[in-house]
Amino acid sequence: MLYTVSGKASFETLNKVYSLSPGTLIYYPAGTPYKIMSEENEKFLFYTVNFDFSCDFTDILPMAPQIYQADKKYGILNTSSVICCDHFEDVVHLENSTWCEYELGRILSESLAKNEGYVEMQSAQMRMILVNIYRHILGGEEHSLCKSIKTILSEEPTLSNSEIAHKLHYHPFYINAVFKKHEGMTIHKYALKQKLTYAYNLVTTTHMSIDTIAVASGFATTAHFSTAFKEHYGASPSTLRKMG
C-alpha cells in the first residue's frame with residue numbers, strides 16, 4: 001500500500017498507469033510488478049506499508065511507516081487483517097484519501113511512544129484503513145454529495161454544518177446523515193481529522209511554533225489545538241516534536 005504525502009508521480013503496473021498526487025492511496029496485491037516515476041524536479045514523499053493477510057508472520061514486530069523519498073528503499077510494516085484477501089485481488093486507486101494519512105500518523109505515533117499495547121493499536125489502525133478500502137470495493141464511487149462536502153472543507157475547513165448545507169442547498173441534518181452513512185463519521189469529526197492531519201505534518205516537518213501551527217490549522221486557540229492533538233495522537237504537539 002502506498003499513500004502520497006506531497007509531490008506528484010505515476011504508479012506504473014504492467015497493465016495501467018495511475019497518477020499520484022497528495023492524498024492519493026494505492027493498494028496493490030502482493031507480487032504486483034510496479035515502478036514509481038516522479039515528475040522532473042518534483043520531490044515526491046509518501047508512506048508505504050507492507051502487511052500480511054494470512055497472519056503467517058505475526059511474530060514479526062511492526063515497524064512504523066515513515067515519510068520516504070521515492071529513490072530509496074526501506075523496511076516497512078508487517079501486520080495482519082481480518083478482511084479476506086480474496087476481496088483484494090486488483091489494484092485500488094483512491095483519490096482524496098486524506099483520512100488514511102491520519103491513520104498512518106497514528107501508527108507512527110504509537111511506534112514512537114511505545115505505550116502498553118502499541119502493537120495492537122497499530123494493527124487496529126491498519127485494519128481501519130483496509131476496511132475503508134474494502135467499502136470502496138463493495139460500494140463503488142463515493143456519494144457525490146460527500147465529495148462536494150470534502151471539496152468545500154478542503155477550501156474552507158472552519159465552516160459549520162449549517163454553512164456547508166447552505167452552500168449545497170440541503171438541510172444540515174440531511175448532509176450529516178448522508179456523510180456519516182458513507183464515511184463512517186460526522187462532518188465535524190471529518191473536518192477535525194483534516195485539521196489535525198495538516199497540523200501533524202507541520203509539527204513533524206517544519207520549525208513553525210505551536211501557536212502558529214494552531215492558527216494555520218484552523219483552531220481558535222492553541223489550548224484547543226493542543227488538547228485535540230493529544231487526544232488523537234497520544235502526545236502533545238511539543239512532545240511529539242521532541243520525540244521525532
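Let me begin with the crossing of α3 and α4, which is right-handed; a crossing is given that name if the near helix is turned clockwise from the far one by less than a right angle, and is left-handed if anticlockwise. The model is a predicted one, in which local features need pLDDT of at least 70 and side-chain atom pairs count only at pLDDT 80 or more, while totals for chains, interfaces and linings use all residues. Residues are numbered from 1 along each chain as its sequence is written, and side-chain values use heavy atoms, with hydrogens and water left out.

Helices here are DSSP runs (H or I, at least four residues), as are strands (E, at least two), numbered from the N terminus. Helix α3 covers residues 144-155 and helix α4 residues 161-168; their axes lie 11 Å apart at an angle of about 120°. Axes are lines fitted to C-alpha atoms, for helices over the stretch in contact, and angles run from 0 to 180 degrees between N-to-C directions. The pair α3 and α4 is therefore oblique, given that under 35 degrees counts as roughly parallel, over 145 as roughly antiparallel, 65 to 115 as roughly perpendicular and the rest as oblique.

Which residues meet in this pair? From α3 they are L145, S148, I149, I152 and L153, and from α4 I164, K167 and L168, where contact means heavy atoms within 4.5 Å. That contact comprises 6 nonpolar, 1 polar and 1 charged residues; Ala, Val, Leu, Ile, Met, Phe, Trp, Tyr, Cys and Pro count as nonpolar, Asp, Glu, Lys and Arg as charged, and the others, Gly among them, as polar.

I turn to α5, residues 172-183, whose axis is 9 Å from that of α3, at an angle of about 105°. This makes α3 roughly perpendicular to α5. On the α3 side, L145, C146, I149 and K150 take part, meeting Y174, I175, V178, F179, H182 and E183 of α5. The classes in this contact are 7 nonpolar, 1 polar and 2 charged.

I149, K150 and L153 of α3 meet I187, Y190 and A191 of α6, a contact with 5 nonpolar, no polar and 1 charged residues.

Finally, the pocket. β1 (2-6), α1 (98-113), α3 and α6 (187-205) each supply at least two residues to the lining of the second largest pocket. The largest share, 7 residues, comes from α6. By class, this lining has 9 nonpolar, 11 polar and 5 charged residues.
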